[in-house]
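Hi,

Here is the structure we talked about. Please load it first, then read my notes below.

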Amino acid sequence: MADTSEPLDPENLDFGKELKRYQDLFENAPIGIFQSTLETNQFINLNPAMARLLGYKTTKDCIYSVQNIARDIYVLPQRRRELLEQTIENGPLLNFENKFRKSDGTIIDGKIHARIARKQDGSMEYLEGFFEDVSKQKEVLEALQHNEKHYRSIFKNTGTGTIIVEKDMTISLANDEFLRMTGYERSEVEGQMKWTEIVAFPEDLGKMTTYHLQRRQASGKTPKNYEFTLVDKQGNKKTIMARVDVIPGTGRSVGSFNDMTPMVQAQQSLRENEAQLRGVLEAFEGFIYTCSKNHQVTYLNKNLKNIAGQTIGERSCHEIVFKLATPCEWCPLEAVFTGKTRRQELLCQRTGRWFYAVSSPIFDAGNRVIKMQTVLLDIHERKQAEMDMKAREHSLHKENIKLRAAIKDRYQFCGIVGKSRPMQKIYELILRASKTDANVIIYGESGTGKELVARAIHEMSDRSKENFVPVNCGAIPENLLESEFFGVKKGAFTGATQDRPGFLDHAGKGTLFLDELGEIDLNIQVKLLRVLE
């Protein structure tokens, strides 16, 4: 089909209408439009939007004051010169930023798109262009940059290992904790490694790969938290608790990893310790039970279950353990629930046997007492022996009293004659010394009966059936002292034809009385002291 439309005829255009159209565009444009001189920086013309950006209310106000406001709106005049130079040299200039002063003195950030208007002969006439207030845009940009720095700081310094994963499973960003956890360098991870390389076991890898694909299909059933085993650069395996989710509006996901290995090891160690403790409790020959504040039993060890012959149920400790209808008289429950431990010996009314009981508190994580644990040890044989010993001790004490009373009435004691008060005191000291195995020193002048006292101590002691060996140290030649005391071995010297025991050998487990001990040589005294010790 032929084009029958006629070409536009410039002579038929209504230039008045076109001029009016451009004037309306100038007056109503939302962006600032201006014209200014090249040398004096004065406005020649500006539209209402430009006037408002500079803080003036109407175009009329601007027209009246245009000559007055043109010179000082540039906060950085050198930038105005740069604008002119670049426009003159390079032609129209876009996105040239400067700071401008409004009528009230406030400063705004502006962006200029300018060119040099020229006359018909090509000479420069004035500067014209568009002006935008970009202060809000800069504030928003700075806020975004601040937020980006803030979130980058959080990402970098969070206590968990964190990564950003692309759709193809490549790790695009990793924080320091993730690098420490895996042992890799940043250059080995970011943009180089897929997260599948850190998964230790195939079963974990299959599960996690499925989750990765499901998240990008917006499946609401995909778990965000799960556990897997991570293998680091050195081949060490770690138990990891992961939380992974897609970043809205992107194909990327963010994953945070907590190393649970120490906790898992601690739990395993705790289970092992619990098993060992339970084994100890079950093998313990005594009785162990725990109960709550209302006396209800919560645990019986195996030995006590066998004795009690029933399960725990909802029964009290005095019913199950002691077959009593009311709490035991010795029950320390109240004191234990204040945090104290009570130890006591008790007689079981049901069996008639003695037990040693240790009742101690069991605390919860908040250090509050929640149970009482009681350990019962059967001490009946020991207690019976102790009671028998006390009975014998009482009997001996009575015999001792009678013996002392008899001594006071006697004139003679073990060959010693005398009834006076000092002699009765000597008899008492003899009795006291005879009850021990300690070395005894007897002081007295020659002829006062020191040997009689020593013999009396020997006869009253447990050694009375053994030898009593009296030695007059002053009567032994100095060269024979050592052989007399310590004996002689056959062949020790010329004339020693057979073994000959000394005084110490003769005394054996009995008593050795050394009279005039101070008369012997000091060297022999040292040797004797060593033997006696």
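First, the ground rules. This is a predicted model: local features need pLDDT of at least 70, side-chain atom pairs count only at pLDDT 80 or more, and totals for chains, interfaces and linings use all residues. Residues are numbered from 1 along each chain as its sequence is written, and side-chain values use heavy atoms, with hydrogens and water left out.

**Cavities**

A cavity is a set of points, on a 1 Å grid over the protein atoms alone, where a 1.4 Å probe fits but cannot get out; lining residues have an atom within 4 Å of a point. Grid points are joined across faces, edges and corners, and a volume is the space filled by probe spheres set on the points.

There are three cavities of 30 Å³ or more. The largest cavity holds about 130 Å³. Its lining has 13 residues, and Trp 195, Met 208, Tyr 226, Val 244 and Phe 257 lie nearest the centre. Strand 6 (161–165), helix 8 (202–215), strand 8 (225–231) and strand 10 (253–259) each give two or more residues to this lining. Helices (H or I, at least four residues) and strands (E, at least two) are DSSP runs, numbered from the N terminus. The lining of the largest cavity splits into nine nonpolar, three polar and one charged.

The second largest cavity has a volume of about 40 Å³. Tyr 289, Cys 317, Phe 322, Cys 328, Trp 330, Cys 331, Pro 332 and Met 372 line the second largest cavity.

**Largest pocket**

A pocket is an open set of points with protein on both sides within 12 Å along at least five of seven lines. The largest pocket has a volume of about 990 Å³. It is lined by 27 residues. Nearest its centre are Asn 439, Val 440, Leu 512, Phe 513 and Leu 514. Helix 15 (450–460), helix 17 (503–507), strand 19 (511–515) and helix 18 (522–532) each supply at least two lining residues. Strand 19 gives the largest share, five residues. The lining of the largest pocket counts 15 nonpolar, seven polar and five charged residues.

**Sheets**

Two strands pair if DSSP finds at least two bridges between them. Strand 1 (residues 32–36) and strand 5 (residues 124–133) pair over five bridges. In that pair, Ser 36 stands opposite Leu 127. Strand 1 and strand 2 share three bridges, and Phe 34 has Leu 46 as its bridge partner. These two strands form a hairpin with six residues between them, and Asn 41 in the turn has a positive phi of about 60°.

Another open sheet of five strands runs 12-11-15-14-13, again with antiparallel pairing. Its edge strands are strand 12 (297–300) and strand 13 (342–347). Strand 11 (residues 287–291) pairs with strand 12 over three bridges. There, Thr 290 has Tyr 299 as its bridge partner.

Best wishes

Terms used
Nonpolar A, V, L, I, M, F, W, Y, C, P; charged D, E, K, R; others polar.
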